[in-house]
Amino acid sequence: MPLFPKKKINVFTVPASTSMPIYEQPQLPAPQAALTPPPALDDAPSIPSGMWEKCPGCSRLIYSEDLQDTLKVCPHCAHHFRLTAQQRIGYTADESSFVELFADVVGANPLDFPDYDEKLKKTRSFTGLKEAVVCGLANVDGLPCVMCAMDGFFIMGSMGYAVGEKLALAAEEAVKRKLPLVVFTVSGGARMQEGMVSLMQMAKVSGAIGRLHDAGLFYLVVLTDPTTGGVTASFAMLGDITLAEPNALIGFAGRRVIEQAMQKSLPESFQRAEFLLEKGFIDAIVPRSRMKHTISRLLKLHERRGM
(Lines give C-alpha, C1' and ligand atoms only; values in the text may rest on other atoms or scores of the structure.)
Protein backbone atom coordinates (compact mmCIF):
# COMPACT_ATOMS: atom_id res chain seq x y z
CA MET A 1 0.00 0.00 0.00
CA PRO A 2 1.54 3.36 -0.99
CA LEU A 3 2.60 5.65 1.84
CA PHE A 4 0.79 8.65 0.37
CA PRO A 5 -2.51 7.49 -1.23
CA LYS A 6 -3.82 9.43 -4.19
CA LYS A 7 -7.22 11.06 -4.19
CA LYS A 8 -9.04 12.78 -7.03
CA ILE A 9 -9.24 16.44 -6.08
CA ASN A 10 -9.62 19.36 -8.45
CA VAL A 11 -6.91 21.76 -7.37
CA PHE A 12 -8.88 24.77 -8.57
CA THR A 13 -12.15 24.08 -6.75
CA VAL A 14 -11.03 22.91 -3.31
CA PRO A 15 -11.86 25.76 -0.89
CA ALA A 16 -8.97 26.98 1.26
CA SER A 17 -10.89 26.14 4.42
CA THR A 18 -11.53 22.54 3.40
CA SER A 19 -9.94 20.07 5.78
CA MET A 20 -7.47 17.95 3.85
CA PRO A 21 -4.76 15.59 5.12
CA ILE A 22 -1.35 17.10 4.49
CA TYR A 23 0.06 14.34 2.34
CA GLU A 24 -2.85 13.47 0.03
CA GLN A 25 -1.78 13.76 -3.58
CA PRO A 26 -4.21 15.69 -5.81
CA GLN A 27 -4.62 14.31 -9.31
CA LEU A 28 -3.66 16.71 -12.07
CA PRO A 29 -6.41 17.26 -14.65
CA ALA A 30 -4.09 16.50 -17.60
CA PRO A 31 -1.13 14.28 -16.70
CA GLN A 32 0.22 14.19 -20.24
CA ALA A 33 0.48 17.97 -20.40
CA ALA A 34 1.83 18.17 -16.88
CA LEU A 35 4.75 15.90 -17.79
CA THR A 36 5.85 18.20 -20.61
CA PRO A 37 9.17 19.71 -19.43
CA PRO A 38 8.91 23.47 -18.89
CA PRO A 39 11.10 25.63 -21.11
CA ALA A 40 14.35 27.20 -20.02
CA LEU A 41 14.05 30.72 -18.65
CA ASP A 42 15.67 32.02 -21.81
CA ASP A 43 12.76 30.50 -23.77
CA ALA A 44 10.01 32.06 -21.66
CA PRO A 45 6.75 33.07 -23.41
CA SER A 46 7.15 36.11 -25.64
CA ILE A 47 4.34 38.03 -23.90
CA PRO A 48 5.38 37.86 -20.22
CA SER A 49 3.72 41.05 -19.01
CA GLY A 50 0.92 41.78 -21.45
CA MET A 51 -2.78 41.03 -21.48
CA TRP A 52 -2.22 37.37 -22.44
CA GLU A 53 0.35 34.74 -21.53
CA LYS A 54 1.12 31.51 -23.34
CA CYS A 55 1.21 28.33 -21.26
CA PRO A 56 4.43 26.33 -21.79
CA GLY A 57 2.53 23.16 -20.91
CA CYS A 58 -0.45 23.21 -23.29
CA SER A 59 0.42 26.23 -25.50
CA ARG A 60 -2.93 27.91 -24.82
CA LEU A 61 -3.22 31.66 -24.35
CA ILE A 62 -4.41 32.65 -20.89
CA TYR A 63 -5.79 36.01 -19.85
CA SER A 64 -3.21 37.46 -17.46
CA GLU A 65 -5.75 38.40 -14.80
CA ASP A 66 -7.12 34.85 -14.81
CA LEU A 67 -3.59 33.55 -14.37
CA GLN A 68 -3.10 35.76 -11.34
CA ASP A 69 -6.33 34.43 -9.84
CA THR A 70 -4.96 30.85 -10.06
CA LEU A 71 -1.57 31.80 -8.52
CA LYS A 72 0.05 31.46 -11.94
CA VAL A 73 -1.16 27.91 -12.53
CA CYS A 74 -2.64 27.12 -15.95
CA PRO A 75 -6.40 26.52 -15.57
CA HIS A 76 -6.32 24.10 -18.52
CA CYS A 77 -3.39 21.74 -17.81
CA ALA A 78 -2.28 22.72 -14.26
CA HIS A 79 1.18 23.74 -15.46
CA HIS A 80 2.87 25.69 -12.66
CA PHE A 81 4.51 28.82 -14.06
CA ARG A 82 7.83 29.81 -12.52
CA LEU A 83 7.61 32.57 -9.92
CA THR A 84 9.89 35.36 -8.77
CA ALA A 85 11.00 35.38 -5.15
CA GLN A 86 8.62 38.27 -4.47
CA GLN A 87 5.66 36.39 -5.94
CA ARG A 88 6.53 33.25 -3.96
CA ILE A 89 6.63 35.17 -0.69
CA GLY A 90 3.48 37.09 -1.59
CA TYR A 91 1.55 33.86 -2.23
CA THR A 92 2.77 32.24 1.01
CA ALA A 93 3.31 34.82 3.75
CA ASP A 94 0.46 36.67 5.44
CA GLU A 95 -0.17 40.12 4.00
CA SER A 96 2.31 42.75 5.25
CA SER A 97 3.98 40.21 7.55
CA PHE A 98 7.24 39.73 5.65
CA VAL A 99 10.25 41.70 6.92
CA GLU A 100 13.36 41.26 4.80
CA LEU A 101 16.68 40.46 6.46
CA PHE A 102 20.26 40.60 5.15
CA ALA A 103 19.29 42.68 2.12
CA ASP A 104 22.74 44.30 2.08
CA VAL A 105 24.59 41.00 1.65
CA VAL A 106 25.64 41.06 -2.01
CA GLY A 107 28.10 39.16 -4.12
CA ALA A 108 31.22 40.46 -5.84
CA ASN A 109 33.66 39.06 -8.39
CA PRO A 110 36.26 37.14 -6.35
CA LEU A 111 37.93 35.57 -9.40
CA ASP A 112 37.75 38.64 -11.67
CA PHE A 113 35.68 36.54 -14.05
CA PRO A 114 35.29 38.36 -17.39
CA ASP A 115 32.04 40.38 -17.74
CA TYR A 116 30.68 39.01 -14.45
CA ASP A 117 30.36 42.47 -12.87
CA GLU A 118 28.36 43.67 -15.86
CA LYS A 119 26.15 40.55 -15.73
CA LEU A 120 25.40 41.17 -12.04
CA LYS A 121 24.57 44.81 -12.77
CA LYS A 122 22.16 43.93 -15.59
CA THR A 123 20.51 41.16 -13.60
CA ARG A 124 19.98 43.40 -10.58
CA SER A 125 18.42 46.03 -12.80
CA PHE A 126 16.17 43.47 -14.54
CA THR A 127 14.95 41.65 -11.40
CA GLY A 128 15.00 44.45 -8.84
CA LEU A 129 16.92 42.10 -6.54
CA LYS A 130 20.47 42.32 -5.21
CA GLU A 131 20.95 38.55 -5.12
CA ALA A 132 19.27 35.26 -6.05
CA VAL A 133 17.58 34.70 -2.68
CA VAL A 134 15.32 36.80 -0.47
CA CYS A 135 15.31 36.04 3.27
CA GLY A 136 13.25 37.44 6.09
CA LEU A 137 10.79 37.00 8.92
CA ALA A 138 7.21 36.08 8.00
CA ASN A 139 3.93 34.76 9.32
CA VAL A 140 1.96 31.97 7.66
CA ASP A 141 -1.63 32.00 8.95
CA GLY A 142 -0.31 33.84 12.00
CA LEU A 143 2.52 31.38 12.67
CA PRO A 144 5.98 33.01 12.69
CA CYS A 145 8.94 31.58 10.77
CA VAL A 146 12.10 32.54 8.94
CA MET A 147 11.36 32.32 5.22
CA CYS A 148 13.76 32.22 2.26
CA ALA A 149 12.77 32.21 -1.41
CA MET A 150 15.27 31.71 -4.20
CA ASP A 151 14.71 33.47 -7.53
CA GLY A 152 15.31 31.55 -10.76
CA PHE A 153 15.35 34.76 -12.82
CA PHE A 154 18.55 35.94 -11.07
CA ILE A 155 21.30 34.11 -13.01
CA MET A 156 19.14 30.97 -12.85
CA GLY A 157 19.04 31.08 -9.04
CA SER A 158 22.68 30.02 -8.96
CA MET A 159 24.37 29.85 -5.58
CA GLY A 160 27.33 32.15 -5.15
CA TYR A 161 28.89 33.59 -2.01
CA ALA A 162 26.04 35.99 -1.21
CA VAL A 163 23.31 33.34 -1.65
CA GLY A 164 25.13 30.92 0.65
CA GLU A 165 25.84 33.65 3.20
CA LYS A 166 22.22 34.80 3.31
CA LEU A 167 20.90 31.26 3.71
CA ALA A 168 23.41 30.51 6.48
CA LEU A 169 22.50 33.76 8.25
CA ALA A 170 18.81 32.89 7.92
CA ALA A 171 19.40 29.52 9.59
CA GLU A 172 21.34 31.22 12.38
CA GLU A 173 18.55 33.77 12.78
CA ALA A 174 16.05 30.92 13.12
CA VAL A 175 18.18 29.40 15.88
CA LYS A 176 18.52 32.76 17.60
CA ARG A 177 14.78 33.41 17.55
CA LYS A 178 13.82 29.74 18.03
CA LEU A 179 11.71 29.77 14.88
CA PRO A 180 11.18 27.20 12.10
CA LEU A 181 12.93 27.76 8.78
CA VAL A 182 11.03 27.53 5.47
CA VAL A 183 13.08 27.57 2.24
CA PHE A 184 11.74 27.61 -1.34
CA THR A 185 14.45 26.38 -3.69
CA VAL A 186 14.95 27.05 -7.39
CA SER A 187 18.42 26.88 -8.82
CA GLY A 188 20.67 25.80 -11.64
CA GLY A 189 23.35 24.92 -9.09
CA ALA A 190 26.58 26.59 -8.01
CA ARG A 191 27.54 29.85 -9.73
CA MET A 192 30.40 29.01 -12.09
CA GLN A 193 31.70 32.61 -12.19
CA GLU A 194 32.72 32.30 -8.51
CA GLY A 195 34.45 28.93 -8.86
CA MET A 196 35.52 27.25 -5.61
CA VAL A 197 33.97 30.09 -3.58
CA SER A 198 30.53 29.03 -4.76
CA LEU A 199 31.17 25.34 -4.04
CA MET A 200 32.16 26.20 -0.45
CA GLN A 201 28.63 27.49 0.14
CA MET A 202 27.29 23.92 0.02
CA ALA A 203 29.20 22.99 3.18
CA LYS A 204 28.60 26.34 4.87
CA VAL A 205 24.81 26.28 4.47
CA SER A 206 24.64 22.57 5.35
CA GLY A 207 26.60 23.29 8.53
CA ALA A 208 24.16 26.06 9.47
CA ILE A 209 21.24 23.69 8.85
CA GLY A 210 22.99 21.15 11.09
CA ARG A 211 23.04 23.69 13.93
CA LEU A 212 19.34 24.30 13.31
CA HIS A 213 18.69 20.57 13.69
CA ASP A 214 20.83 20.45 16.85
CA ALA A 215 18.64 23.18 18.33
CA GLY A 216 15.57 20.98 17.71
CA LEU A 217 14.00 23.43 15.26
CA PHE A 218 11.87 22.55 12.25
CA TYR A 219 13.29 22.89 8.73
CA LEU A 220 10.86 22.73 5.80
CA VAL A 221 12.05 22.66 2.18
CA VAL A 222 9.81 23.30 -0.83
CA LEU A 223 11.42 22.23 -4.12
CA THR A 224 10.26 24.19 -7.16
CA ASP A 225 11.12 23.99 -10.84
CA PRO A 226 14.05 23.60 -11.35
CA THR A 227 16.16 22.63 -8.32
CA THR A 228 19.46 21.18 -9.51
CA GLY A 229 23.21 20.98 -8.96
CA GLY A 230 24.89 21.97 -5.71
CA VAL A 231 21.66 23.20 -4.14
CA THR A 232 20.11 19.75 -4.51
CA ALA A 233 23.34 18.19 -3.26
CA SER A 234 23.26 20.22 -0.04
CA PHE A 235 20.59 22.10 1.88
CA ALA A 236 17.68 21.28 -0.47
CA MET A 237 17.78 17.64 0.66
CA LEU A 238 18.27 18.24 4.39
CA GLY A 239 14.71 19.17 5.33
CA ASP A 240 12.80 17.51 8.14
CA ILE A 241 9.98 17.47 5.59
CA THR A 242 10.50 18.02 1.88
CA LEU A 243 7.66 19.15 -0.37
CA ALA A 244 7.66 19.80 -4.11
CA GLU A 245 5.43 21.47 -6.67
CA PRO A 246 3.93 19.26 -9.40
CA ASN A 247 6.27 18.30 -12.26
CA ALA A 248 9.20 20.22 -10.79
CA LEU A 249 12.59 19.28 -12.22
CA ILE A 250 14.77 18.06 -9.33
CA GLY A 251 18.20 16.52 -9.71
CA PHE A 252 21.95 16.92 -9.49
CA ALA A 253 23.62 16.23 -12.84
CA GLY A 254 21.85 16.88 -16.13
CA ARG A 255 19.86 14.19 -17.87
CA ARG A 256 22.23 13.92 -20.85
CA VAL A 257 25.27 13.60 -18.58
CA ILE A 258 23.64 10.72 -16.70
CA GLU A 259 22.54 8.97 -19.89
CA GLN A 260 26.06 9.20 -21.32
CA ALA A 261 27.58 7.88 -18.09
CA MET A 262 25.11 5.00 -17.83
CA GLN A 263 24.97 4.31 -21.57
CA LYS A 264 21.20 3.88 -21.42
CA SER A 265 18.04 5.93 -21.92
CA LEU A 266 16.12 7.21 -18.92
CA PRO A 267 12.31 7.37 -18.53
CA GLU A 268 10.56 10.59 -19.52
CA SER A 269 9.50 11.15 -15.91
CA PHE A 270 13.10 10.94 -14.66
CA GLN A 271 14.08 13.78 -12.28
CA ARG A 272 10.50 15.01 -12.05
CA ALA A 273 8.81 15.50 -8.66
CA GLU A 274 6.44 12.57 -9.25
CA PHE A 275 9.39 10.25 -9.95
CA LEU A 276 11.20 11.38 -6.79
CA LEU A 277 8.07 10.90 -4.70
CA GLU A 278 7.76 7.35 -6.00
CA LYS A 279 11.40 6.67 -5.05
CA GLY A 280 11.04 8.22 -1.58
CA PHE A 281 13.23 11.30 -2.06
CA ILE A 282 10.46 13.74 -1.16
CA ASP A 283 7.51 13.53 1.22
CA ALA A 284 4.67 15.05 -0.80
CA ILE A 285 3.75 16.91 -3.96
CA VAL A 286 1.59 19.92 -3.17
CA PRO A 287 -0.11 22.10 -5.82
CA ARG A 288 0.36 25.82 -5.41
CA SER A 289 -3.28 26.35 -4.46
CA ARG A 290 -2.70 24.18 -1.36
CA MET A 291 0.87 25.21 -0.53
CA LYS A 292 0.16 27.91 2.05
CA HIS A 293 -2.44 25.72 3.75
CA THR A 294 -0.02 22.78 3.86
CA ILE A 295 2.85 24.87 5.23
CA SER A 296 0.52 26.29 7.86
CA ARG A 297 -0.54 22.78 8.90
CA LEU A 298 3.07 21.67 9.19
CA LEU A 299 4.04 24.73 11.21
CA LYS A 300 1.13 24.06 13.55
CA LEU A 301 2.25 20.46 13.99
CA HIS A 302 5.74 21.70 14.76
CA GLU A 303 4.42 24.19 17.28
CA ARG A 304 2.11 21.60 18.88
CA ARG A 305 4.73 18.90 19.20
CA GLY A 306 7.55 21.18 20.22
CA MET A 307 10.00 19.66 17.73
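This is a predicted model: local features need pLDDT of at least 70, side-chain atom pairs count only at pLDDT 80 or more; totals for chains, interfaces and linings use all residues.
User: What makes up the largest nonpolar core, and which residues have the most contacts inside it?

Analyst: The largest nonpolar core has 71 residues, and Leu 181, Phe 235, Leu 243 and Ile 295 have the most contacts inside it. Such a core is a set of buried Ala, Val, Leu, Ile, Met, Phe, Trp, Tyr and Cys residues joined through side-chain atoms within 4.5 Å. The element that gives the most to this core is strand E7 (residues 143-150), with seven residues. Residues are numbered from 1 along each chain as its sequence is written, and side-chain values use heavy atoms, with hydrogens and water left out.

User: Which residues does Ile 295 touch, not counting those up to four places away in sequence?

Analyst: Ile 295 touches Thr 92, Val 140, Val 182, Phe 184, Leu 220 and Val 222, where contact means heavy atoms within 4.5 Å.

User: Why does Glu 172 count as it does at 39% relative accessibility?

Analyst: At 39%, Glu 172 counts as partly exposed. Glu 172 is found in helix H5 (residues 161-177), and its side chain makes a polar contact of 3.4 Å with the side chain of Arg 211. A polar contact is a pair of N or O atoms within 3.5 Å; within protein, one must be able to donate a hydrogen and the other to accept it, and residues adjacent in sequence count only if both atoms are side-chain atoms. The side chains of Gln 201 and Lys 204 are also joined by a polar contact, of 2.8 Å.

User: How do you know whether H5 and H6 are roughly parallel or antiparallel?

Analyst: H5 and helix H6 (residues 195-214) pack at an angle of about 5 degrees, with their axes 8 Å apart. Angles under 35 degrees count as roughly parallel, over 145 as roughly antiparallel, 65 to 115 as roughly perpendicular and the rest as oblique. H5 and H6 are therefore roughly parallel to each other.

Methods: Buried means under 20% relative accessible area, exposed over 50%, partly exposed in between (1.4 Å probe, protein chains only). Helices (H or I, at least four residues) and strands (E, at least two) are DSSP runs, numbered from the N terminus. Axes are lines fitted to C-alpha atoms, for helices over the stretch in contact, and angles run from 0 to 180 degrees between N-to-C directions.
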